Number of protein chains: 2
Amino acid sequence: MIKLSDYSTLPPKGLDKKEAKEESAKMAERLGKLQEMLFAQKKYSLLVVFQGMDGSGKDGAVDNVFQDCHCGGLQIVSYKKPTEDEFGHDFLWRIHKNTPAKGIIGIFNRSHYEDIIIQRVHKWIDEDRVKLRMDAINAFENLLLEDNNTQILKFYFHISKDEQEVELKQRINDPEKQWKHNPNDWKERESWDDYMRCYEDAINKSAIPWHIVPVDDRWYRDYFILKTLVEALEKLDLAYPKIAE
Amino acid sequence: MIKLSDYSTLPPKGLDKKEAKEESAKMAERLGKLQEMLFAQKKYSLLVVFQGMDGSGKDGAVDNVFQDCHCGGLQIVSYKKPTEDEFGHDFLWRIHKNTPAKGIIGIFNRSHYEDIIIQRVHKWIDEDRVKLRMDAINAFENLLLEDNNTQILKFYFHISKDEQEVELKQRINDPEKQWKHNPNDWKERESWDDYMRCYEDAINKSAIPWHIVPVDDRWYRDYFILKTLVEALEKLDLAYPKIAE
């Protein structure tokens, strides 16, 4: 059982920022190379899930981590409030459509976990439904992995409440960030403890484990995610297919 | 545990064909009425699955059973050999996309069960994969039911081997049916016993039960399916929504 409060939101002491950024640049390049093989081989797909509070830096991570990947092999989906058509279906309907085909890296900026987090925090669904959905998520992720070789890497963007305030204030004060300002984020912030409890529970009940990324310093966020992705892909038997004799 | 060989492929003795056909016409009309309420209420959806050997009359049942339903509320999907894009995903990917929204009657002419029947008969997948897929199907159908009120009615079209021969021969001899002729159907027929075993196993391992329809006489096929559908829908609390005060 993990407790989020046991995890720091800051980089580990002793890691030099400049060195880490240099390392990140190399890893981003390596990720591009690995993606090329994944794309050519079409044996595996990769599903990367980013979840976290408003202002925890999900958009920035999408930009930075995959900067050396080629766009044709990426499929980035940002989940917003469900449409009427989406609400007319089970919660995984809109998610399943967007799962990556073999050879593709799919990135979910928010995901099916919203349906057991924001909906649970606001009690739009009851606890029986939360359990049903958690079981459905585990069955769904297992299907992707076992029936389609989809490697699933889920990242929880672990931000401190103080740092969130800094981030949300920047969205008011910085003209280039004002388009991201949403008064509702401040409202959601009032339910911080409930969010933490729901995230913690989702993380603990997931069959496929989560990576808890300390995101207060954005350079470490990128370093952590890149390291995790590169290490995971290096473990696969990725290779360029040979010309058939 | 059901055994298909215990089930007759013929109508029960004592049921008069003429009376049954009259009854079917009334039930088709009633189904149209029930569909209208389902569509207006948008509380439930209905997923009707037709599975059975070649020549077992799935297409004809689609035409006859839903003749008094309005097309705007029907969503009919015939599953053929998966495309390259579909093969690039897990087997439920192409299925989930087509599940009916609340208010809609979805009809699957063939379905996700193909992926544990034809693929199993030909040993394109191993037994571990069959088990994985059966578990995934049960989780998937439970999700549709519990998260979206989707009522699932699955019909196995139970035809005798002799009657299949009659049907397939008609596709050679009747100019209006020749477009349906496919020499591969005769090839598949050679694996008849394996098909029966795989159907039986799928039916026995399904959490949501199957209806075994005797289809050798097509008038009884329609009667049986209509009766089952109408009775299932009558059990729901379908109603026209009232104008809000």
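**Salt bridges and the chain contact**

Author: This is a predicted model.

Reader: Which residue forms a salt bridge with A:E127?

Author: The partner is A:R120, and the closest N and O atoms are 2.7 Å apart. A:R120 counts as buried because its relative accessibility is 17%, under the 20% limit.

Reader: What about B:R120, which residue does it pair with there?

Author: B:R120 forms a salt bridge with B:D201, with 2.7 Å between the closest N and O atoms. B:R120 lies in helix α5 (residues 118-121) of chain B and B:D201 in helix α9 (residues 192-205) of chain B, so the pair ties together parts that are 81 residues apart in sequence. B:R120 is buried, with a relative accessible area of 16%.

Reader: Which residues are joined into one network in chain A?

Author: A:R120, A:E127, A:D201 and A:K205 are joined by salt bridges that share partners.

Reader: And A:E165, where is its partner?

Author: A:E165 forms a salt bridge with A:R189, the closest N and O atoms being 3.3 Å apart. A:E165 sits in helix α7 (residues 161-173) of chain A and A:R189 in helix α8 (residues 183-189) of chain A, 24 residues apart. A:E165 is partly exposed, at 26% relative accessibility, whereas A:R189 is buried at 11%.

Reader: How many salt bridges are there over all chains?

Author: A search of the whole structure finds 44. Between chain A and chain B the count is 4. One of the salt bridges joins the side chains of B:D147 and A:R129, at 2.8 Å from N to O.

Reader: Which helices of chain A supply residues to that contact?

Author: α3 (84-87), α4 (93-96) and α6 (127-148) of chain A each supply at least two residues of the side that touches chain B. The largest share, 11 residues, comes from α6(A). By type, the residues of this side divide into 11 nonpolar, 6 polar and 8 charged.

Reader: How much area is buried between the chains?

Author: Chain A and chain B bury about 2,000 Å² between them, 53% of it on carbon and sulfur atoms. In chain A, the residues that lose the most area to chain B are A:D90, A:H96 and A:D147, together 28% of what that side buries.

Terms used. Residues are numbered from 1 along each chain as its sequence is written. Chains are lettered from A and ligands numbered from 1 in the order in which they are written. This is a predicted model: local features need pLDDT of at least 70, side-chain atom pairs count only at pLDDT 80 or more; totals for chains, interfaces and linings use all residues. Side-chain values use heavy atoms; hydrogens and water are left out. Buried area is the accessible area (1.4 Å probe) that two parts lose on being put together, summed over both. Helices (H or I, at least four residues) and strands (E, at least two) are DSSP runs, numbered from the N terminus. Ala, Val, Leu, Ile, Met, Phe, Trp, Tyr, Cys and Pro count as nonpolar, Asp, Glu, Lys and Arg as charged, and the others, Gly among them, as polar. Buried means under 20% relative accessible area, exposed over 50%, partly exposed in between (1.4 Å probe, protein chains only).
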